[in-house]
Each structure stands twice: as C-alpha cells, then as structure tokens.
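Reader: Could you walk me through this one before I set anything up? I'd like the overall picture and then the cores.

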Amino acid sequence: MKTSLFTASVLAMIAATPAFAQTAPTGGTTGGAPASEQDYQSANDIVVTATRRDETVQDVPIAITAVAGDLLQNANVTDVRGLEQLAPSLQTVTGQSNANNTNISIRGIGTSGDNPGFEPAVGIFIDGVFRSRAGIAVAELPEVDRVEILRGPQGTLFGRNTSAGALSIFTAQPKFDFGGYVEGTYGNYDAYSVKGGVTGPVSEKLALRVDGGWRQRDGYIKDSNGGPAINDLDRWYVRGQALYDTSTFSFRLIGDYYRTDEQCCGAVTVVRGQTAAAIDAIAALSGRDGIYDGPPQDRTMAISPNRNYAEKVRDWGVSGELNADIGDLKLTSITAYRDWSVLRDQDIDFSGIDRAYRDNYTVGIKDFTQEIRLQGSLLDGKLDFLVGGFYLNEDNRLFDTVRLGNDANRYVDFLLRGATASAALPTGAQFYGSFPAAGQAGGVPLFSQVLLAQSAQLRAAAAASPALAAYLNTPLTGNAPGQGNSNNYRTKTNAFAAFTHNIVRLTDQLSLTLGLRYNRETKDFTSTIRNDTAACGFFSSTDPRAVTYRTAIRAANQTLFNNLFLLSCNPAVSTEFNGSYADKRTENKLTGTAKLAYKLNERALGYLSYDRGYKSGGYNMDQASFDSVVLGGNGPQASDLRFGAETVDAYEVGVKLNPSRAFTLNLAGFYQKFQNLQNLLFSGNSFVVFNIPRTTSKGIEAEAVIQPIRDFNVRLGYTYLDARYDASNNFANSPFAGSEGQRINNQPANVVTVATTWTPRLSDDWRGLIHADMRYNSEVNIPSAAPNPITGRTPVYNPGYPIINARIGIQSQDRTKRLEFWVENLTNQYYNVTGFAVPEQTGTYAGYPSQPRFYGVTARFGF
C-alpha cells in the first residue's frame, strides 16, 4: 500500500512531462521549442555565495541546494519551514512553540526542544546576518531572491554552530528602477494576507526599498470543551532598506520589525494511558472532556478552562553590509543587532483538567554580531585567499513560570486512590482530602490512616504522641492554585573566531581548498530560583511527624513515595532548588575544511572533502535538570545544568554533471561522525540536554533538474539517510535506555522530492502557470518512548506518506501581474509532526498534528 501510494504520487507529478513537451507551442524563444544554450538559464545556473565567492551551483565543490525566488513563490513558501518541500535532506519540525520549539535538521542532525539555552546545529543567515535560534527565523519571509541550503558542517566560513549545515536566505535588494507590488490572498479557515513593497532610486547611487505584510488565519485544532480553535496565525512585518552603490563601494542598510499574536501549539492524543480514566473522571465533575477520545486525524484536543496557548513574538533588528574594493582586494563588513522576545502561556497538562499551566513565560535574546572579511588573489590567480573574523555578544534571558491549577491536588488523590484500591481496600486512599473523609458517604481514608491500620509500630508511636496521631489523621497540605515557580535565568555569551579559507588552483582542472577557523567562546550563567509550592514542605520538613510519615510510606512502598513526590513536588516546581546560582565556561576549538576538486570539463566536476565541525556547549535553563536529594542525589548545583560541546568529522564525495542546459545531476555521498551530540530530550518532567557519546549520519543524496524547454522544468531530489546512535553507546539508567544502535527518531530513511512547473504561453502578454510539488517521507518513529522490541515502532509513529501542493493560474509575461489558485496538502494527509510522552500521564502519548488541507486564491499586481 505504501509503495503504491508513493509511486502514484511521483507519477502524478512527472508523468505529464512528455505530453507537455509534445503539446507546448513551438517556435520562438517564448514557446515550447527545445531551448538553445542561450535561451535560458538552468535552475543550477543560480549564482551562490557558499564559499563567500560568486559561483554557480555546478562550479562549487559543496553539497548545496539553491532555490530561486520564483520557485519559492510557486511552492507558497512563506517561512523557512516550507523549504523542506523542495530539499530532501532538510527537515523542519515545530513542537509546542513556533518561537521556542522549532527544529531544523540537515542529514538527520538538528536541535529541538523548548529550552532557549539550547542552540541550533543548522546555522540560519538572513542577508548574511546570523540568527541565533531556529524559532527566531520562522517569521514571515519578505521578497526573497534565493535560498542556499548547505549540507554538512560549515564551520569555517559560516559563523558559529553550523555542525549540521547552514541555511542562507538572500532577500530582494533595492533597485535603481522604480517599481513595486501589492499582493492579496484569501483561503479557507478564513485566511487573509496582504503584502506589498515599493522600491526606487533617490539618486544615481542611492536606492530605497520598503516591504510589509500581514497574515491571519483561524486555528485548525479544535477544543472539545468548546473553547476557540488554536494553531492560528496573526502576524505582520515591515522592512526598510537603503542601498548606496558605486562601481567600487556599496553599503546596504536594513531595518525590520515583526510581530505575532497567536495561539500555538496544540497536541492531540495518540495513545491513551492508564491515567486517562482519572483525568476523564475529574473533568466530568465539571462537565468537561478530560482527554478527547477521537482519532488524531480529528485534530481535536481537550483544553483546560481559562487556559490558553498564547504566543506573542516581537522581533526587530538593524544591519549594515559594506563592500569595498581596495585595489585588487575586496573588503566585506557585516554589522548587526537583533532583539527578539516571546511571551507565552500554555496548558502544559494537555488535557481538560486544570493540573498545571504556564503563565507569562518570557524569553528575550539580544544579539550583536560583527563579521569582517578580506579576500583577493595572488600568484597570478593561482591562490584565491580569504581571511576574516567574527564576533558575537548575546544576552539570553528567560523568565520561567510553571503554575499549579485548581485540579492539582485532586489529580494526585485520584491517581493514589486507583493505585491503592484492592479487594481489602476497595475505596483506595488519598493524601490531600479531595474526597470525603472515611466514614462519610463516599468517604476515602487518608493513606496515613491506612498505614496506621497496617502497622502496629506506627500505631504505638501515634498512641504515645497525640501530635503525631493528629498529624496522621489530617490531610497533607496541598498546593494552592497559582503556586509554582518564578525563575530568572540569564546566559551571556561572548564568541570570537578568526578564519581563513583559501582555494589553490594546482592546475587548470585541479583545485585544493584549505580552511581553518579558531573559535573561542565564553558563557556566563546566572539564575535565581523561587518556588512557593506548598506540598513540597512535607518532603523537606524536619518536623519529626513528617519524618515518621515519610519513613512509613517508603517502608510500605518506595515506588509510591517517589511518585507522590514527583506529582506533588515536581522537580519543575520544587522548593528544594530555591536559591541563586552562577557558573562560567570557556571553550577553545579549531575547525576547518579540506576539499580536492577536479573539473573534468565544463560539464563535469568531482570532489572529495573533509570538514571538522563544532557546536558550543551551554546551560539547560530549566530547574528540573537539578539533582534532587529526595531522589538520592547530591542536591542542586549550577554545574548540573551544564552540557558539553559537540564535534563532528565529516567526509564527502560528490560529482556534479551538466551534460546540457536541459539536464543537470548532482550526487553526493557522506559519512559524518559526531562526538557528544547534543540532544534535547523530554525526560517526562522537562526538556534536558544530553550529550550522546557517539552518533553516525551517513547516506546518499541526488538532485536533478530536467528542463527540456524554457517554460517547463522538473526538479527531482532523493536522500537516503542512515542516522543513528552508535551501538557502542551505553545508555543504561538514562532516558535513552534501549536506543543503542537505533535510528534517530523522526528522520526518514528515504525522502523523495519533486517540483514541476509549466508556464505555457497563452498570448503575447500572458502565460499560464501549472505547478505541483511533492515530498515523500518513508516511515519514521516519532519521539515518545522506546521502540517495541517486536515491531520496532514507537507509540507515536508515522507510516510513509506524501505531501502534495499545487498551484494553477495566469501571469503576465513579466510576472508582475498574477492570478493563481493554490492548495497545500492536496490529499489532506495526516501525520504527526513530532510527539512526546505527556507529563505525569503514564502511558499517554501525544502528537503535534500536521496542517490540514489549505486552499485559496492569490492576486498580485506589480508596477
């Protein structure tokens, strides 16, 4: 079934190619005749700057995918996440937050998780400016000239933290001819968008440009308790540029401002666990759904009353790029300042009961970056050299708030009652007095009263101490609604690098590239932890009565004691960790590259490469990573929050073939060995960064462009990926237990992409547009729990599936006027974007649902 679905999807995209070639109009360079060498540029003739030099895709010895702006428009790519539809080795995932939990991976390696102290493995650059987190870069894209996706470590030239690859976005510059555009879109889910721009000269040497846009869409995840739908869109931006350009000097100034005010991101239940009945029972007391019991495809979840998933982002910045010719040398300087913040609320129990929530969780990241490069050639052009430096100053602040809701104590008592019920004690027991007392109608005894009945020693102690007897016959002090934490974290980073990248032309056909980068980075970490969680008092109290009761619980059932502690005084809100902490770490690393390229002729290039990559260490900005004395640890220390740097040694062999303008084929094979790979894992209570000692990513990539006539082209991509944790790892007593030798979750072994565009001539003034693109992902395990030893599948799992988008319309010959109808996810395919084990709900697993079918119409008028 999966094979036939995949085959049908591919055939639907490319089977019409011969018919198009046969029926397209003939004659002239605008019709369907086979194109001559001068008629058009192939898609791989795009000039890229992957080596900080202007070269075409076919001439640079790097595995790179270049996507031009017109294809991005046809594929309806509105932010960086849409790029995966066109690049098989790129994978994007958004979990519980667009801002904090967006992961971009290349060749199976990336970062994810709701922890702003965790930095990306794929560097993102917009107009040469480093964006320090993937979530920062998912704002609406303005008019884009091109996108370059560099696969594999890019640690020599592309700033910091590019151990998996780099994503470079180049936006449209100001022009010295007056022009502009207005574009409007309407679609289902009451989707609206309007954007526009204007550009033109001020003088012969100065041009300006202003772009702006607004987009709104209703949510597509329904609340079974009748609240508003979530996963909506409401965002806007404005962007201004100035370009001063002479023949030997240019300066480009960019300023931008982005805002979002949305509800994101909901998760649907995929597997109901043994706690689901208790949640349903508590919710039923108020006439609500606890956990929605329909299929995930309904895209419906139960949300707690008066809780929401608000996410408000503010992002602004300014940058200046200077390019100057100094004799035969070229000087480039890029200076930038970025200020990004997000304010979030979240129903973190992912259910209809009011167990826990986040309230005004705030992250603010300010980055100042400076890069400078000097390049030129020596020895009659045999040596093309580049030297440079990079500096980053980052101030990363987090105000974390986890609050306990109205049902916090009731949930503990419901679970305890179920865990202690037996034939001898059919009512079970309680801790916090959520049920009527024993002896009353529907009464439930306290667990301390059960212990008194079972233990003669405890009864004797209570008889000798009236105070102890009263204590054991009184419910424990529970958590009041609104209690929890108010934590401040701050990490200040200073990073400096000096680098050189040199191309030595050994012969007319053979070249050697040598690069080296020295990285030095210092992080200063401080935090202040404040928790007022009342139930924690029982576990830390030195009161002899509390000590006696704790000892009795442990003697009766140590597992029950541990669970009581985790439910009542979760490490995320534990008063044990209250205090102030400080730590500092400094790293010095060398990274570099060596590439040998041989150009057989103008149509064929082969290369071998080695790259050493590096991603800096840092701090978990989450108190749940502290070590608890109650659970046998040595207590909280700032060093508990540290995680180490990761490094990679990557080897690649590739060939780029361009036998004609009608066909190009690029192949690459890669082997990447990671040491101490950083992996942010949801441990059941929080996201914690672990360093995986050994991880291997290897595979094969193929990309082809078929363009038999100028007006018709097909882009094909395929990646075979084998990314897994080495079998030699020892994950005993860790959340990764049993994952030795297993594939990395959510990284498909086989990915196929197809993008087909036909723009037939309709008249002297108008062309048609027929575009379709498809991405097929083979089956994957989704992060949730260890795979079943028999099936090899995790509880949350995706079979192989295609995602198909399409667009049809008309456009003027100069593309300034367009009217197009489009659809995304044509077949309304459901899949889990990612998943997790729901906190404090044993056996319950949730998934973040894919977007449903979106469709609409877009009109554009340019001048």
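**Overall build and cores**

Author: The protein, which is a predicted model, has 11 helices and 41 strands. Its radius of gyration is 30 Å, close to the 29 Å that the globule rule gives for 863 residues, so the protein is as compact as a globular protein of that length.

Reader: And what does the C-alpha trace span along its principal axes?

Author: The C-alpha trace of the protein spans about 105 × 55 × 55 Å along those axes.

Reader: Switching to charges, how far apart are the mean positions of the positive and negative ones?

Author: The mean positions of the 78 positive and 83 negative charges are 3 Å apart.

Reader: Now the largest nonpolar core: which residues touch the most other members?

Author: That core has 43 residues, and those touching the most other members are Phe431, Phe447, Leu472, Phe538, Tyr549 and Ile553. Several helices each supply at least two residues of this core, among them helix H5 (408-420), helix H6 (447-454) and helix H10 (544-556).

Reader: What is Phe431 in contact with, leaving aside its neighbours within four places in sequence?

Author: With those set aside, the contacts of Phe431 include Leu416, Phe447, Tyr549, Ile553 and Leu564, as well as Asp413 and Pro475.

Reader: Which residues does the second core include?

Author: The second core, separate and made of 37 residues, includes Val77, Ile104, Ala121 and Phe736.

Technical notes:
Residues are numbered from 1 along each chain as its sequence is written. This is a predicted model: local features need pLDDT of at least 70, side-chain atom pairs count only at pLDDT 80 or more; totals for chains, interfaces and linings use all residues. Side-chain values use heavy atoms; hydrogens and water are left out. Helices (H or I, at least four residues) and strands (E, at least two) are DSSP runs, numbered from the N terminus. The radius of gyration is taken over C-alpha atoms; the globule rule is 2.2 Å times the number of residues to the power 0.38. Lys and Arg count as positive and Asp and Glu as negative; His and the chain ends are not counted. The place of a charge is taken as NZ of Lys, CZ of Arg, CG of Asp or CD of Glu. A nonpolar core is a set of buried Ala, Val, Leu, Ile, Met, Phe, Trp, Tyr and Cys residues joined through side-chain atoms within 4.5 Å. Buried means under 20% relative accessible area, exposed over 50%, partly exposed in between (1.4 Å probe, protein chains only). Contact means heavy atoms within 4.5 Å.
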